[in-house]
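Hi,

Here is the structure I promised to pass on. My notes on the cavities and the overall fold follow below it.

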Amino acid sequence: MSSSRIPLSRVLIVVITMAIVAGLGVAIATARDAGGAAVAEPLMAAKNSPADKPRYVAMGSSFASGPESNKRGPNNCGRSQDNYPNRVADALGYRLVDVTCAGSTTSEILGPSKRYHKPAQIDAVTSDTDVVTITTGGNDVGYIGRLGVQSCVNLAMTGKRPLRCNANRVPSPAPVTESFVSVERRMEKMVRAVKARAPKAKVVFVDYPPVVSVADVACPKLPLAPWEIVEAGLVADSLAAATAKAAHATGSALVQPSQAGKAHTVCSADPWLQGFPGAPPYHPTESGKDGVADLVINAMR
């Protein structure tokens, strides 16, 4: 009768062979996983690279550039790092190209700025632009500049002389209807210029939060006469109306701090704009930048 016993040497050979095969399997799997991770990481990085983010061009005046003081930076445009375009870009993951400039007019969006030696803001719009925001028109009608001069003169009459307040200046005349019509036409021209450069870009007009409403009364931060307050409210409403007409005529989106901001005028408990004197006066506070940004973000989503 033959024996069924397997020699010990054969058992050892089988065990050693299985161990070698198992070791090779682990090594191959480890190498495969490492290689997969090495490939995955560049793909993830590429997917989240700045070039893949939607390109967002912000154009407009100081209510968009958000100057933090009367001083101007090296770009002479008073752009802050926390203005509403930056806040919107951070929240939505956009790649921001900020060409906003304090003091700019609609003409300096459409053409070069001789004062600041800057190219036309519209030149920042390229074929790969996805979103454009525009806040403009206030300087065309002398909106904030006029209020600053009036406030300065009024304070001087009480014996106060704030810094950078020239009480010898005379306020510019109140804008007439034709002034707002001209602003509206140039806003429409901006949209046509954007579409010529970036046909698929979404254009969003963002109007101005108001300094006052016609129902406001003077407070220490608002040294204006009652009739000046009413006039300022009417100018703000007329500018908002011109912006709304331009947006409607061009099929653009419209965000209206002009309406939401009526609960946040200078004399309110939570003002979106600084009072007078301010740095700079009648320009966005931190709360104002945040409030306008939230409105824009909600409109973009």
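Two helices, α5 (143–157) and α7 (226–250), each give at least two residues to the lining of the largest cavity. Helices here are DSSP runs of H or I with at least four residues, strands are E runs of at least two, and both are numbered from the N terminus. A cavity is a set of points, on a 1 Å grid over the protein atoms alone, where a 1.4 Å probe fits but cannot get out; lining residues have an atom within 4 Å of a point.

This is a predicted model, where local features need pLDDT of at least 70 and side-chain atom pairs pLDDT 80 or more, while totals for chains, interfaces and linings use all residues. Numbering starts from 1 along each chain as its sequence is written, and side-chain values use heavy atoms, without hydrogens or water.

Back to that largest cavity: it holds about 60 Å³, counted as the space filled by probe spheres set on grid points joined across faces, edges and corners. Among its lining residues are Tyr-143, Arg-146, Glu-228 and Glu-231.

The second largest cavity comes to about 50 Å³. α2 (62–65) and α9 (286–300) each supply at least two of its lining residues, with α9 giving the largest share, three. Trp-272 and Lys-289 are among the residues around it.

As for the fold, the chain has nine helices and five strands. Of its 301 residues, 45% are buried, meaning under 20% relative accessible area with a 1.4 Å probe, protein chains only.

Cheers

Key
Buried < 20%, exposed > 50% of the residue type's maximum accessible area, 1.4 Å probe, protein only. 1 Å grid on protein atoms, 1.4 Å probe; cavity = no way out; pocket = protein on both sides within 12 Å on 5 of 7 lines; lining within 4 Å.
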